[in-house]
Amino acid sequence: MSHAATAVEVEFVVKTIEEMGYQARPMPGKQRTAVGLVGNDGKVDASRLLGLDGVLEVIHVSQPYKQVSREWQSENTLVRLPGGLTIGGEEIVVMAGPCAVETEAQIIESARAVRDAGAVILRGGAFKPRTSPYSFQGLGKKGLALLKKAREETGLLIVTEALDPEGVEAVADVADIIQLGARNMQNFSLLKAAGRTRKPILLKRGIAATITELLLSAEYLLAEGNDQVILCERGIRSFDPATRNVFDLTAIPVVHRLSHLPIIADPSHGTGLRDKVTPMARAAVAAGADGLMIEVHPRPDRALSDGAQSLTPEQFAELMKQCRAIAEVIGRRVAEPVGV
Ligand code: PEP
Ligand code: MN
């Protein structure tokens, strides 16, 4: 709509779209209001809309995804978390903690260590997606209870994974951000269930997913009414066994161009090797990542999962220091802990 469009003109456009058999989504922006049209299979004949009062232009979204695209919303989405923390703005938000919740002592010690180094969100899986059915599967509900305790003791926000649609509610009760893992990026019933919650979602890129597929999976969440979505680059499968995955840093500027959603980077799963995590975390910040997810364990040699890629608390503190310096160079800053 044009700058000067009135509320009545916007409302008339909405009614017209609905009369045409589609759904209308008005989106008031800083400069002007846009009205999104969803529910079409092919190109919409826009001539009827173009002539309406207050309509400035009709932009056809050329990508297969719609609501996640920059064409749909030009301003960055800010994901809002308790305590006033946001993801997608100037601040770079760091989430850190062990791969899995193992014991009360382990998660509390991890939480204190990452908080002391400056992380603002505690990560830790209670439900673990493991390649082998014989590997540690996580503590389940008990793990969630321990995360809740860690939140109470440290004030850190919590990000933890939901593995299936049935588990989403229980995770949402404890988590400030619901993580959907790489193996589940195209679990469409899980995406729909998570999209129906009103909790922010961290959606990780699948191990062999294209960026278009990642954005289409995010579209499922927005289509269910949840626009609080953070994307995560965590490395993709390649032919080279030198590292666990190929950490696709290019995805960060590519996603920023195609979508208004924030994207964070996970160099722990992205490389799989402890000594590669800090260099790639620095690179991710330099590439424009809106946050980092880092695996940290008080004793990585005793970790029940992903010990080889987990940093010690001391290594993590050094990573934070270096990333703060990089952030400053590009005019951003690493988010500081906030009171919850
Ligand atoms: C994790 O972050 O705990 C995890 C399992 O990561 P991914 O889904 O990226 O493999
Ligand atoms: Mn892990």
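How many aromatic pairs does a search of the whole structure find? I ran it and got 1 aromatic pair. (Rings of Phe, Tyr and Trp, the last by its six-membered ring, pair if their centres lie within 6.5 Å; planes under 30 degrees apart are stacked, over 60 edge-to-face, the rest tilted.)

**Ground rules.** I am working on a predicted model, where local features need pLDDT of at least 70 and side-chain atom pairs pLDDT 80 or more, while totals for chains, interfaces and linings use all residues. Residues are numbered from 1 along each chain as its sequence is written, chains are lettered from A and ligands numbered from 1 in the order written, and side-chain values use heavy atoms, with hydrogens and water left out.

**The ring pair.** I looked up the two rings: Phe-188 and Tyr-220 have centres 4.8 Å apart and planes at 25°, so I log them as stacked. Phe-188 belongs to helix α6 (residues 188-196) and Tyr-220 to helix α7 (residues 211-223), so the pair ties together parts 32 residues apart in sequence. (Helices are DSSP runs of H or I, at least four residues, and strands runs of E, at least two, numbered from the N terminus.) Phe-188 is partly exposed at 34% relative accessibility, and Tyr-220 is partly exposed at 30%. (Buried is under 20% relative accessible area, exposed over 50%, partly exposed in between, with a 1.4 Å probe and protein chains only.)

**Around β8.** Next I checked strand β8 (residues 177-180), and both its faces are covered. Ile-177 and Gln-179 are buried on one side, Ile-178 and Leu-180 on the other.

I then went through the neighbours of β8. (Strands pair if DSSP finds at least two bridges between them.) Strand β7 (residues 157-161) pairs with β8 in the parallel sense over 3 bridges, and Glu-161 stands opposite Gln-179. Strand β9 (residues 201-204) also runs parallel to β8, joined by 3 bridges, with Leu-202 opposite Gln-179. The chain gets from β8 to β9 through α6, in a right-handed β-α-β crossover. (Right-handed: with the strands pointing away from the viewer, the path from the first strand over the helix to the second runs clockwise.) β7, helix α5 (residues 168-174) and β8 also make a right-handed β-α-β unit.

**Asp-306.** Last, I noted that Asp-306 has a phi near 55°, a positive value in a residue other than glycine. I found Asp-306 in the loop between β12 (291-295) and α11 (313-329).
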